[in-house]
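This report describes one protein model, from its overall layout to single residues. The sequence and the coordinates come first.

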Amino acid sequence: MKLKDITNIIEKWSPLEQAETFDNVGLLVGNKNNIVKKALITIDATEDVIDEAINNKCDLVITFHPIIFSELKQITEKSYVERVVKKALKNNINMLKLTLGLIIFIVSLLILIKLYKKFRS
């Protein structure tokens, strides 16, 4: 599946225009025309997460927190953000940050499922 097909589905649920003004959302690293066969979902994109994505042959990392929050002026590997972005690019890993609204929806749904399972038994 092309990444743009995935982002289109996500953006139908939670349009980027509805994101908080302070939040950096959507495709942060990669190309919408890339093919995605496997994804990894995580809270934060750390170096360990990118290593896990590489080891598991993931083409996409979906995060709750943005790896790039403020202007990225250089990629020198001095900071973990620069190292993560460089490693993701080098390994053709796309990085997508969900909107806060969609994150709240997902977390709420997970809580409801957990409560349902608890009270069902």
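## Basis

This is a predicted model, in which local features need pLDDT of at least 70 and side-chain atom pairs count only at pLDDT 80 or more, while totals for chains, interfaces and linings use all residues. Residues are numbered from 1 along each chain as its sequence is written, and side-chain values use heavy atoms, with hydrogens and water left out.

## Overall layout

The protein chain has four helices and four strands, in the order α-β-β-α-β-α-β-α from the N terminus. Helices (H or I, at least four residues) and strands (E, at least two) are DSSP runs, numbered from the N terminus. The C-alpha trace spans about 50 × 35 × 30 Å along its principal axes.

Of the 121 residues, 35% count as buried; buried means under 20% relative accessible area, exposed over 50%, and partly exposed in between, with a 1.4 Å probe and protein chains only. Among contacts (heavy atoms within 4.5 Å) between residues at least 6 apart in sequence, 66% join residues at least 24 apart.

## Surface and charge

The protein chain exposes about 8100 Å², of which carbon and sulfur atoms supply 56%. Accessible areas come from the Shrake-Rupley method with a 1.4 Å probe, and for residues only the protein chains shown count as cover. The 18 positive and 14 negative charges have mean positions 7 Å apart. Lys and Arg count as positive and Asp and Glu as negative, without His and the chain ends; the place of a charge is NZ of Lys, CZ of Arg, CG of Asp or CD of Glu.

M1, I9, W13, F105, L109, L110 and I113 make a nonpolar surface patch of about 730 Å². Patches are made of residues with over 30% relative accessible area and no salt bridge; like charges are joined within 9 Å, and nonpolar side chains (Val, Leu, Ile, Met, Phe, Trp, Tyr) within 5 Å. Helices α1 (3-13) and α4 (100-120) each supply at least two residues of this patch, and the largest share, four residues, comes from α4. L110 lies in α4 and counts as exposed because its relative accessibility is 54%.

## Salt bridges

The structure holds four salt bridges, each a side-chain nitrogen of Lys or Arg within 4 Å of a carboxyl oxygen of Asp or Glu. One of them joins K97 and D23, with the closest N and O atoms 2.7 Å apart. K97 lies in strand β4 (residues 94-97) and D23 in the loop between α1 and β1 (26-29), so this pair ties together parts that are 74 residues apart in sequence. K97 and D23 are both buried.

D51 and K87 form another salt bridge, with a closest N to O distance of 2.7 Å. Since D51 is in helix α2 (residues 47-55) and K87 in helix α3 (residues 80-90), the pair ties together parts 36 residues apart in sequence. D51 is partly exposed at 28% relative accessibility, as is K87 at 27%. K86 and E77 also meet in a salt bridge, at 2.4 Å from N to O; K86 is partly exposed at 38% and E77 is partly exposed at 35%.

V84 is found in helix α3 and counts as buried because its relative accessibility is 1%. Leaving aside neighbours within four places in sequence, V84 is in contact with A45, T46, E47, I50, I67 and M95. V84 and E47 are 37 residues apart in sequence, with their C-alpha atoms 5.5 Å apart in space.
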